[in-house]
Amino acid sequence: RVREHFRRLVGTVCGEMRAWQADQRRPACRLLAVLMMYQEEHLTEFCDKLCPALQAAMGLQDDDKGAVRDGAAECARLLAHHVDPRAYLPQLLAQLGPGALAG
């Protein structure tokens with residue numbers, strides 16, 4: 001049943017991960033991780049929402065010893081585990097800009 005409702009929840013949860021208050025971001029990261037565990041390989045179609053939210057959450061400063069960043073990193077690990085890199089790497093690499101990987 002979680003898979004059936006993920007589509008409706010993912011946008012809201014990703015929005016909460018960008019909230020200005022860490023008290024909203026922390027539970028959103030935990031909830032997203034649980035939801036992602038149920039989705040597994042079905043996460044592929046949501047990379048366009050998940051990647052920007054995870055990037056934003058990892059870049060935000062939080063005042064709870066990195067709990068938001070750690071939660072977002074766990075979500076990123078789940079995404080990488082269940083989704084073919086070809087689905088999300090182009091989006092992530094586009095954020096780096098041209099020549100970012102050049103030595």
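This is a predicted model: local features need pLDDT of at least 70, side-chain atom pairs count only at pLDDT 80 or more; totals for chains, interfaces and linings use all residues.

Analyst: Start with α4: the cover over its buried residues includes α1 (2-17), α2 (22-39), α3 (47-59) and α5 (85-96).

User: Which residues of α4 are buried?

Analyst: Val68, Gly71, Ala72, Cys75, Leu78 and Leu79 are buried in α4. Looking down the α4 axis, the buried residues sit within an arc of 115°, so they line one face of the helix.

User: And which residues are exposed on the other side of α4?

Analyst: Asp70 and His81 are exposed there.

User: What span should α4 have, and how far apart are its end C-alpha atoms?

Analyst: Helix α4 runs over residues 67-82, which is 16 residues. At 1.5 Å a residue, α4 should span 22 Å. Its end C-alpha atoms are 23 Å apart, which agrees.

User: Zooming out. How many helices and strands does the protein have?

Analyst: Five helices and zero strands. Along the sequence the pattern reads α-α-α-α-α.

User: What share of the protein's residues count as buried?

Analyst: Of its 103 residues, 33% are buried.

User: Now contacts. Among those between residues at least 6 apart in sequence, what percentage join residues at least 24 apart?

Analyst: That figure is 69% for the protein.

User: Last topic, surface. What does the accessible surface come to, and how much belongs to carbon and sulfur atoms?

Analyst: The protein's accessible surface is about 6,400 Å². Carbon and sulfur atoms account for 55% of that surface.

How values were computed
Residues are numbered from 1 along each chain as its sequence is written. Side-chain values use heavy atoms; hydrogens and water are left out. Helices (H or I, at least four residues) and strands (E, at least two) are DSSP runs, numbered from the N terminus. The expected span of a helix is 1.5 Å times one less than its number of residues. Buried means under 20% relative accessible area, exposed over 50%, partly exposed in between (1.4 Å probe, protein chains only). The arc is that of the directions from the helix axis to the C-beta atoms. Contact means heavy atoms within 4.5 Å. Accessible areas come from the Shrake-Rupley method with a 1.4 Å probe; for residues, only the protein chains shown count as cover.
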